[in-house]
Amino acid sequence: MFDLFSDPVKVAKQLEIITNEFGFATWETLYSLALEVAFAYLIGLPLGVLLVTGEKDSIRPLPGWLMQILNVVINLLRSVPFLILMIITLPLSKIIVGTKVGTMATIPPMVIAAFPMVARMVESSLREVDHGVIEAAQSMGASAW
């Protein structure tokens, strides 16, 4: 039977590896998470606002074909499983970051997977704003911006 804890030398060696590399691995995780979240919000927040304000009969209507393209792209990226999306975007990681392996290489696929979620979240939050509040702001002189 396979027993990891039968040899004290192996256990000591494994604990040494864990204690030496745990801090660095935690740091890598936190900084990649911070970059992924920042870039996902940098792309997703304006896109979510655009989805609400660009509708027909909204604050700043956009052409129907553009709104259709935005909705299709967001729905398509939301529906692709992450593992498949990561494999598809590995060449993009190579172009942007310079490598397909490592912590930095995971950032572009994670951003591509996360920004559609952020865009839909922002869109649904903005749709909950009462239309009367928007009309009141416009009547008091608020611009579309």
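**Helical architecture and selected residues of the predicted chain**

The protein chain contains five helices and zero strands; helices (H or I, at least four residues) and strands (E, at least two) are DSSP runs numbered from the N terminus. The structure is a predicted model, in which local features need pLDDT of at least 70 and side-chain atom pairs count only at pLDDT 80 or more, while totals for chains, interfaces and linings use all residues. Residues are numbered from 1 along each chain as its sequence is written, and side-chain values use heavy atoms, with hydrogens and water left out.

Read from the N terminus, the order of elements is α-α-α-α-α. The radius of gyration of the protein chain is 23 Å, well over the 15 Å given by the globule rule for 145 residues, so the chain is more spread out than a compact globule. This radius is taken over C-alpha atoms, and the globule rule is 2.2 Å times the number of residues to the power 0.38. Along the principal axes, the C-alpha atoms fill a box of roughly 75 × 30 × 30 Å.

Of the 145 residues, 22% count as buried (buried means under 20% relative accessible area, exposed over 50%, and partly exposed in between, with a 1.4 Å probe and protein chains only). Among contacts (heavy atoms within 4.5 Å) with a separation of 6 or more, 61% join residues 24 or more positions apart. The protein chain carries 9 positive and 12 negative side chains, and the centres of the two sets are 10 Å apart. Lys and Arg count as positive and Asp and Glu as negative, without His and the chain ends; each charge is placed at NZ of Lys, CZ of Arg, CG of Asp or CD of Glu.

Leaving aside residues up to four places away in sequence, E123 touches G48, L51 and V52. The side chain of E123 also makes a polar contact of 2.6 Å with the side chain of R120 (a pair of N or O atoms within 3.5 Å; within protein, one must be able to donate a hydrogen and the other to accept it, and residues adjacent in sequence count only if both atoms are side-chain atoms).

D57 lies in the loop between α1 (8-53) and α2 (64-79). Although not a glycine, D57 has a positive phi of about 65 degrees, and this residue is exposed, with a relative accessible area of 71%.
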